[in-house]
Every structure is written in structure tokens, then in C-alpha cells.
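Hi there,

Here is the structure I promised to pass on.

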Amino acid sequence: MAKLSVEEIKLASRNLRGSILEELKNSALFFTSEAEKLLKFHGIYEQEDRDKRKLDRTTDHHQVMIRAKLPGGQLTPEQYLAMDDIADNYANGTLRITTRQTFQLHGVLKSELRETIQAMNHALVTTLGACGDIVRNVLVCPAPTTKPQQQAVQEFAFTLNAALYPQTRAYHQIFLDDTQLIDDSDIIEEEPIYGHTYLPRKFKIAIAYAGDNCVDIYTNDVGLVAVFDGDTLAGFNLLAGGGMGMTHNNDETFPRLADDIAFIRPEHVLEAVTAIVTIHRDYGSRENRKHARLKYILHDKGVDWFREELARRVSFLFDAPRPVQEFEVYDHLGWHEQDNGQLFLGVYVENGRIIDRENARMRSGLRTIIEQFNLSVRLTCQQNLLLTNINPADRPAIEAMIADYGIRTVEKISKMRRNALACVAMPTCGLAITEAERVFPQIISEFEDALDSLNIGDSAITARMTGCPNGCARPYVAEIAFVGRSLEKYTVFLGGNPNGTRLAKNFLDLVHITELVPTLTPILRYYRDCRNENEAFGDFVMRVGFDVLHALVNDPDVKLATGD
Ligand code: SRM
Ligand code: SF4
């Protein structure tokens, strides 16, 4: 039988039901490919442990990854502790903070999938819409605030999440409600925004405060940049058409930064964003999934067309985007005062993996601190975590516990490590061509050695690594990026800027993992000698140009205007 397209599967699925329920009841170790496609909408990816598969091809190694949907990355202490329990009871004993402010669990078995989802929902953590062709987790700057106007900005993550939530009861019926295991084929809910085939592809929204790009706003399908008049929230600069994913050797796919579209008032946010979602629904390609993101509509039809189409779909007039201050990126790590007299502590989590290792028991440490001091948690888009609402009197005790558990404080790591991001890649990601999360700490150590030997160890260069070109760690806005290309080889991108507002460019292809840092070391030396005052590495790269840098890489002794 011919394989169904994703569009056909969605259409026939009765609002994302398909055969998931029947398949959950059978004893097969994995799902059919149709069910697997629908499971994504429920926040579930079927995967295989690729390490185990390599070692033993005679045994089945299927498992699932589950992604929570946590607007703004916010968790109560109870929710954090529940997720920590679930990681032990059903998953691989780790919690993985994603680049979009939420948690993933890896290694859950099909036979325990329903129980796992139920345990999460019991803690009021849903997974519906965390993946799939739908609006994903809505990002917002996680820094805690009690200022009403700043809170209002953060609230939009919840408002948008609720308004763009799918109406289907499939999730509830399949995973949660034991009394409803009935044939519900006649019950098809209205999906007023999505329709029965949902969106052509995923759709991502982020909210930032003007001046702080901690959410990488320009890489989202829709970005909202909060603009203040004094203390009052005046409205938002609306951005559209950002995205990172590309495919090697396919020029029709490319990373793209969002365009500045308009300035809109707070009361118009919901209407404007919903209208953009419907533009994607109606104009996104249903034939070619590689060309189905909103960014390609903007690229193909142009920003003027997009503005006109948006104007046709909303009931208000919008203004031109307002000029705002330049972005910086605050990672919110370390100790900070909240504006209510309490403190928050940003904890660095290497590549987002909360795990107990021999000399650093981060998972146990965080669990104990959160439990003992009843701390709420916020996850960040840099894969870190904020412990919030800390009584200042508890600070010494928390500091002592952090030290006892071997958790590194931000003062103890280099600026380069602090800024680094890597995607999950091996062994769970089915699309990974190379390693990322598991090797990047070592690559950063090599960078640290190289920078130290050049006496520029305090350089805050932003470096990111992904195991394939899909761009899950947003590599194409980093100053240095390594993107998995073939076995142990990477494409090197250079030239993004520290505030995430410029795309990096393809600098070198097929560089072996052992050669990544040695290849770039002559450029780091040249940077040390020839940079302007306070010039960032990415800005330097763009100023001197790739021709010069290629010459340097080909012959590190080439005569350039260097100091040594
Ligand atoms: Fe991603 C697919 C992991 C953020 C672009 N991403 C995947 C899958 C599900 C692989 C798959 O389809 O089988 C990965 C699961 C790996 C695993 O084992 O856990 C995966 N993506 C991740 C996470 C966990 C990376 C991380 O290390 O944190 C991030 C989860 C975010 C979340 O909580 O929702 C993650 N993915 C991103 C981002 C960054 C962002 O959104 O800010 C991007 C680039 C932005 C964008 O969407 O353009 C991104 N992921 C992709 C793509 C390429 C999409 C495209 O337009 O071409 C894929 C492949 C696909 O969808 O076909 C993908
Ligand atoms: Fe997997 Fe590629 Fe995303 Fe990394 S960038 S998690 S390898 S899909």
C-alpha cells in the first residue's frame, strides 16, 4: 500500500486520534508510522537508542521521547519534583532542558507511555502541542518580576498558549481518561483556528523585552518585542518569518531572521498572532514539508505582501515598528534581586542535561534545594534553570548545598562555556548525523585552552553545535557554529553576533571533529591581535571578511597584518 503523506494522515486522523489508542493496547514494541506522525502532536516522538542499536541489531531498542509544554518555562516546586520523580520512574533518570524552555524525557517505553503521560498531567504538566504541526511552547524572558507591566508581558505566553491550544479531546481520551476508552469516531470537535489538517508545519512564538534577546527572538515564526513608555507597556514590535532549519545541499532551504512587521498595542496581540497563524495555515506549502515554514512565505511573497495580508485579516490598523534600544543577551545566571525583596539564582546546566554524575550530583542537589526551600523554577532558552522566590536569609544555606553537591556556580565557568549551546543529537535523535551534546563540553575545553594560551581566556564568544542542519540549538545566529555534516565531520559557520541579530555564514565544510579548534586557532590569534576595542569575535570576522580568514586557515603563517 502506498505510504500516506503527513497531510493525508492528519486529515484521516479524526483530530489526531488515528490508531494511537488501539496501538497503545497492543503488545508491539513500537508504533506504526501513521501513529508515530500523530503522536508528535501529543508531545511524543518515537525513537531508538542508537548506541544500543549499533551494538546489538537483533534486539528492539524503540523508546519514546516526551516533551512537556511549559509556557515561559515556568514550574511550581511540586511540578519540578513530579518531573524529577517521573524521570526516575519511567525515563532514563535525567531531565533535559530544551532550547525552548521546557523539559524532555528520554527513554520511556511504549508499554509505560500512558502511565508517564498521566503522571505528568497529574502534576498539571501537559504535552499536547509540544511537537507537531501546531503552535509550540510559547517562549518569554523567564526573569522573575513582580512589576505589573512586566508581568503583563510574561502573561502573554499563557494567553497565547491558551488561545492557540488545539480543541481536540483526543489527548484526553487516549492518554488520560480511563472511562472514555470508547470508539469516538463520530465525535470530531471544531478546530476553529487550525482546521482538521492543522498547520502545514510547526509554528513558534517568542516574547522578549526590548533590549534583552534571551529568547533569540529573530529565530521564531512570530516574535513580540515589548516596548515600554516609561513604566507603561506601550505595545509590541511584531516580527515574523524567522526560522533556523535547513538541509545540506538544498538551496531552497535556509535559515532566516524574522522581519520587523509592525507595532501593535497590547490589546491587539492575540488577534494579530492568530491572524498570522491562519496565514501560515492557508499559504504554507502542503506539498513540500521542507518548504512549509512561515519564513518561506515571507521569502517567496515578500514583506509588503505579508503586511497587506495581515492587515486584511485584522480589525485594527497597525503602525510601523518602533525604534528600540539594541539587544543584548542576559542569561540571568548567578544571584539576582527580584523586585519584591526576594532573590533568584540562575544555575548553569551544561547543555540542559540535569543528571547526577560521579563528581557533580546536579539532579539530587537541585531536587533537595527545591524541596527544602519550596522554590519555583523557570527554565531558560539557554538550557539553564532559575530558582526563584528565595528568601535572602536562605542564601548561605543554598550556597553551601550547591557546593556540597558539586554544582558549578557561574563564576567557576568560562564565559565561552556559559554561552555555549548544543542540541541533543546522539543517541536519541533519529536525525543526528554527528554527536553534539555529548562532545561539546570537550570542544569547549579545547577552546578554553586555546584562548588561555592566547591570553584572551575571558572572551565571551558564542559557540553552538548541532548534530545536523535542522538547527535545534539555533547555530546560525552564533558567532561560531559547528553543524553535523557527515560521520564525525561538521560544517563550520562564522559571523553571527553576540546579540543574535545576524546570521552566520558557511565558512568551511567537512571539518573533522578533532580539527575544529585547531583550524580556528589562527583566527582566534588574529582576532586577539587585530580586533578593535570591545569588538566581538563575530563582528571581527565579518569586518575582516572570509577571504582573509580562509587564507589564514590555509596557511597560518601567511603574512597578514598580525602582531606576531
Ligand atoms: Fe528541534 C526536530 C530536538 C529546538 C528545528 N528537534 C527535532 C527532533 C524532534 C528530531 C526528530 O524530528 O526526530 C529532535 C529530538 C531530539 C531528541 O532526541 O531529544 C529535536 N529541537 C530539539 C531540542 C530538544 C534541542 C535541544 O537540545 O534543546 C529543542 C526542543 C525545543 C522545544 O522544547 O520545543 C529543539 N528545533 C529546535 C529549534 C530552536 C528553537 O525553536 O528555538 C529549531 C530551529 C528553529 C526552527 O524551528 O526553525 C529546531 N527540530 C528542528 C527541525 C527543523 C525544522 C525546519 O523548519 O526545517 C527539526 C526537523 C523537522 O522538524 O523535520 C527538528
Ligand atoms: Fe537532532 Fe538535528 Fe535537532 Fe540536533 S539539530 S536535535 S541532531 S534534529
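**Helix packing**

The axes of helix H15 (residues 440–453) and helix H16 (residues 516–530) come within 10 Å of each other and cross at roughly 30°. That makes H15 roughly parallel to H16, where angles under 35 degrees count as roughly parallel, over 145 as roughly antiparallel, 65 to 115 as roughly perpendicular and the rest as oblique. H15 passes H16 in a right-handed crossing (left-handed if the near helix is turned anticlockwise from the far one by less than a right angle, right-handed if clockwise). On the H15 side the meeting residues are Ile-443, Glu-446, Phe-447, Ala-450 and Leu-451, and on the H16 side Leu-516, Val-517, Pro-518, Leu-520, Thr-521 and Leu-524. By class, the residues of the contact of H15 with H16 are nine nonpolar, one polar and one charged.

Some conventions before going on. This is a predicted model, in which local features need pLDDT of at least 70 and side-chain atom pairs count only at pLDDT 80 or more, while totals for chains, interfaces and linings use all residues. Residues are numbered from 1 along each chain as its sequence is written, chains are lettered from A and ligands numbered from 1 in the order in which they are written, and side-chain values use heavy atoms, with hydrogens and water left out. Helices (H or I, at least four residues) and strands (E, at least two) are DSSP runs numbered from the N terminus. Axes are lines fitted to C-alpha atoms, for helices over the stretch in contact, and angles run from 0 to 180 degrees between N-to-C directions. Contact means heavy atoms within 4.5 Å. Ala, Val, Leu, Ile, Met, Phe, Trp, Tyr, Cys and Pro count as nonpolar, Asp, Glu, Lys and Arg as charged, and the others, Gly among them, as polar.

H16 also packs with helix H17 (residues 537–544): their axes come within 11 Å and cross at roughly 90°. H16 and H17 are therefore roughly perpendicular to each other. Ile-523, Leu-524, Tyr-526, Tyr-527 and Cys-530 of H16 make this contact with Phe-537, Phe-540, Arg-543 and Val-544 of H17. The contact of H16 with H17 has eight nonpolar, no polar and one charged residues.

Helix H10 (residues 294–301) and helix H11 (residues 303–313) have axes 6 Å apart and pack at about 115°. That makes H10 roughly perpendicular to H11. Leu-294, Ile-297, Leu-298 and Lys-301 in H10 meet Val-303, Trp-305 and Phe-306 in H11.

**Two sheets**

One open sheet has five strands in the order E3-E16-E17-E12-E11, with antiparallel pairing (two strands pair if DSSP finds at least two bridges between them). Strand E3 (74–75) and strand E11 (334–337) stand at the edges with a single partner strand each, so one side of each is left without a neighbour in the sheet. Helix H12 (residues 362–373) packs on this sheet, touching E12, strand E16 (376–379) and strand E17 (385–390), and its direction makes about 20° with that of E17. E11 pairs with strand E12 (residues 343–347) over four bridges, and Glu-337 stands opposite Leu-343 in E12. Two bridges join E3 to E16, with Gln-74 partnered by Arg-378 in E16. In the hairpin of E16 and E17, Gln-383 takes a positive phi near 65°.

Another five strands form an open sheet in the order E6-E7-E8-E9-E10, with mixed pairing. Its edge strands are strand E6 (139–140) and strand E10 (259–264), each pairing on one side only. E6 and strand E7 (residues 205–209) run parallel over two bridges, and Leu-139 stands opposite Ala-206 in E7. Helix H7 (residues 148–163) packs on this sheet, and its direction makes about 180° with that of E7.

A cis peptide bond, with omega about 5°, joins Met-426 and Pro-427. Pro-427 is found in the loop between strand E18 (421–422) and H15. Asn-455, not a glycine, has a positive phi of about 60° and lies in the loop between H15 and strand E19 (463–466).

Best wishes
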